[in-house]
Amino acid sequence: MFAPHHLRELETDSQVPPLSFFGNRPYQVQRFTEEQAAMRWLVDSRRQQPRAVVPA
């Protein structure tokens, strides 16, 4: 979560990797300025992940 002005600064800073940098990672990364959007993304991301099978 970022303040809108901070996110704009990050997106134009050449020292900060673009989101595409994280594309082949075993985790997902996204940047948000609004909590509701972040929570929706998190819920959707969890729905897309296969459920781990826990041995009984």
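A salt bridge, for this talk, is a side-chain nitrogen of Lys or Arg within 4 Å of a carboxyl oxygen of Asp or Glu. The structure holds 1 of them. Asp44 pairs with Arg47, and their closest N and O atoms are 3.6 Å apart.

Some ground rules. This is a predicted model, where local features need pLDDT of at least 70, side-chain atom pairs count only at pLDDT 80 or more, and totals for chains, interfaces and linings use all residues. Residues are numbered from 1 along each chain as its sequence is written, and side-chain values use heavy atoms, with hydrogens and water left out.

Now the overall picture. The protein has 2 helices and 0 strands. Those are DSSP runs, numbered from the N terminus: H or I of at least four residues for helices, E of at least two for strands. Helix 1 covers 4-12 and helix 2 covers 35-48. The accessible surface is about 5200 Å², and carbon and sulfur atoms hold 53% of that. The areas come from the Shrake-Rupley method with a 1.4 Å probe; for residues, only the protein chains shown count as cover. Of the 56 residues, 12% are buried. Buried means under 20% relative accessible area, exposed means over 50%, and partly exposed is in between (1.4 Å probe, protein chains only).

Asp44 and Arg47 both sit in helix 2, 3 residues apart, about one turn of the helix. Asp44 is partly exposed at 37% relative accessibility. Arg47 is exposed, at 66%.

Next, Arg31. Where does Arg31 lie? In the loop between helix 1 and helix 2. Arg31 is buried, yet has no salt bridge. The nearest side chain of opposite charge is Glu11, 5.3 Å away. On charge, Lys and Arg count as positive, Asp and Glu as negative; His and the chain ends are not counted. What does the side chain of Arg31 reach? The backbone oxygen of Pro17, at 2.7 Å. Contact here means heavy atoms within 4.5 Å. Leaving aside neighbours within four places in sequence, Arg31 is in contact with Phe2, Leu7, Glu11, Val16, Pro17, Pro18, Leu19 and Phe22.

On to the aromatics. A pair of rings is described by the distance of the centres and the angle of the planes. Rings of Phe, Tyr and Trp (its six-membered ring) pair if their centres lie within 6.5 Å; planes under 30 degrees apart are stacked, over 60 edge-to-face, the rest tilted. The whole structure has 2 aromatic pairs. In one, the ring centres of Phe21 and Phe22 are 5.1 Å apart with planes at 90 degrees, so the pair is edge-to-face. Phe21 is partly exposed at 44% relative accessible area, while Phe22 is buried at 18%. In the other, Phe32 and Trp41 have centres 5.7 Å apart and planes at 55 degrees, so that pair is tilted. Phe32 is buried at 14%; Trp41 is partly exposed at 26%.

Thr33 is in the loop between helix 1 and helix 2. Thr33 is partly exposed, at 36% relative accessibility. Thr33 and Ala3 are 30 residues apart in sequence but 5.7 Å apart in space, C-alpha to C-alpha. Neighbours within four places aside, Thr33 is in contact with Met1, Phe2, Ala3, Pro4 and Leu7. Ser20 is also in the loop between helix 1 and helix 2. Ser20 is exposed, at 62%.

Conventions. A polar contact is a pair of N or O atoms within 3.5 Å; within protein, one must be able to donate a hydrogen and the other to accept it, and residues adjacent in sequence count only if both atoms are side-chain atoms.
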